[in-house]
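Here are my notes on the model, point by point. Please read them with the structure open.

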Amino acid sequence: MKRTITALTAAALLVALTSGCGDAAAGDDADHVTVTVGYQSKTINTVTAGTLLRSLGYFERELAAQGRKDGITYKVEWQDYATGAPITAQMTAGKIDIGSMGDFPLLINAARGKQLNNPTHLVSVTGHNPRGALNTVVTAPDSSLGSLKDLRGKKVSTSVGSAADGTLVRALQRAGLDPQKDIRKLNQQPAVGASALQAGGADALSQFVAWPGLLVFQGKAKALYDGAELNLPTFHGVTVREDFAERRPKVLDAFLRAQIQATGYLNDRPVQSAEKVAEATGLPAEVVYLYNGSGGIATFDPVLRPELVAALKKDVPVLRSAGLVGDVDVDSFVDDGPLKRVYGAGYAERLGAAVPPSRSEVWLDGEDRTRAFDSPAALLEFVAGHQGQVRAAYVPDAATGTRWYADKAVWVQDGEELLPFVTAAAARAHTESHPGARTVPYATALERTS
């Protein structure tokens, strides 16, 4: 027993020494500094500040260069979590210096930091979608649920306080349902919720990237609601403890430079990036590319666009009504100073850059690039002529522009046009407003173009 207690005490002391809150109390000294980064490996909208960044080693390289200038040896400790909540808990405890998470968790991060007198600041964005397509509600493949209104009285799994929970709340309200009274909300981690959906313990699952896309790709779910129907921006971003940023501004600059480099790598080499993230996470590369590929659901750009900050302010009342935060001063939480310092004059140019539209793409087996097409019909024609060679095919939703798997989309034939939709509800809305339009199976859509 004595040996056990001693071992546990030593282990606890080791954790305290390596937690890396950037000061002497955390085990740092004048010559050695540990920087602790919290990330979500499978939340692939954060890869430029997490999974991909870690894989590329850019942050370590930047810190090594900085260390040669100031005579300090830097060490990076990466801590992987499933959601943003534990990252916030560790940050407010002074054990994580820099973290990445979604928009709703960012607000909780801001609120908890202020409440516990350990304030944090949003300093950059990882990936974003201008319409909200990063979050999706899915059901079992054989589910009879056809729209959000059908969720009345049903069990819906989500992670309370997450961006996906925010999408669920807003979507239900627009559908005329009370998120608190009209459904039975199950507060579960993404993996637990996915298992519950498959086992019949949940009727629907509302989650963030990449869970919905993964389950649909695996044939374990179908999309019920596309978050882009809200037409409200969603994003993930990087938050830093205020005391750490003030004490270690050069380290924060190094991190942001590394994030910018990782963003450039992802945008220049989307297929290779998808493969790297897939290798690190165990996710299929085809799922990663759905979100992170060229013209994918997520657009990666570190700058803090005004429309994203405005969306963050609109999120506050949703979280407040759920009792998760009080008032959050978004303007004081957002700090673009460090990123402007790193970008220099190029920051204003980045702010004005347009978000690239989604497009139809095919990824053939054995190729390290995808092929783009001007229309879904052109993609179908190519796929029909390359049966057995297609690794993945992606098409943008005809209404929202959300990229989806061509073979999982709901296809509508409207005259000579073949239109893909993420959900059956969206396809039904189109056919009801366009006389003569009708849904057709994917195989039929392929035949129409071959």
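1. Which residues in H12 are buried? In H12, the buried residues are Ala-285, Glu-286, Val-287, Val-288, Tyr-289, Leu-290, Tyr-291 and Asn-292. The helix is mostly covered, with eight of its eight residues buried. Buried means under 20% relative accessible area, exposed means over 50%, and partly exposed lies in between (1.4 Å probe, protein chains only). Helices (H or I, at least four residues) and strands (E, at least two) are DSSP runs, numbered from the N terminus.

2. A word on the basis. This is a predicted model: local features need pLDDT of at least 70, side-chain atom pairs count only at pLDDT 80 or more, and totals for chains, interfaces and linings use all residues. Residues are numbered from 1 along each chain as its sequence is written, and side-chain values use heavy atoms, with hydrogens and water left out.

3. Next, the partner of H12. The axes of helix H11 (residues 270-281) and helix H12 (residues 285-292) come within 8 Å and cross at roughly 130°. That makes H11 oblique to H12. Axes are lines fitted to C-alpha atoms, for helices over the stretch in contact, and angles run from 0 to 180 degrees between N-to-C directions. Angles under 35 degrees count as roughly parallel, over 145 as roughly antiparallel, 65 to 115 as roughly perpendicular and the rest as oblique.

4. From H11, Pro-270, Val-271, Ala-274, Glu-275, Val-277 and Ala-278 meet Ala-285, Val-288 and Tyr-289 of H12. Contact means heavy atoms within 4.5 Å.

5. Helix H7 (residues 190-199) buries Pro-190, Gly-193, Ala-194, Ala-196 and Leu-197. Seen down the axis of H7, these buried residues fall within an arc of 160°, so they line one face of the helix. The arc is that of the directions from the helix axis to the C-beta atoms. Their cover includes strands E5 (135-139), E6 (155-158) and E8 (204-208), and helix H8 (211-217). Gly-200 follows H7, and its phi is positive, near 85°.

6. Ala-175 sits in the loop between helix H6 (163-174) and strand E7 (184-187). Its relative accessibility is 19%, so Ala-175 counts as buried. Leaving aside neighbours within four places in sequence, Ala-175 is in contact with Leu-148 and Lys-149. The C-alpha atoms of Ala-175 and Lys-149 are separated by 6.1 Å, yet the two are 26 residues apart along the chain.

7. Ser-143 lies in the loop between E5 and E6. Ser-143 is buried, with a relative accessible area of 17%.
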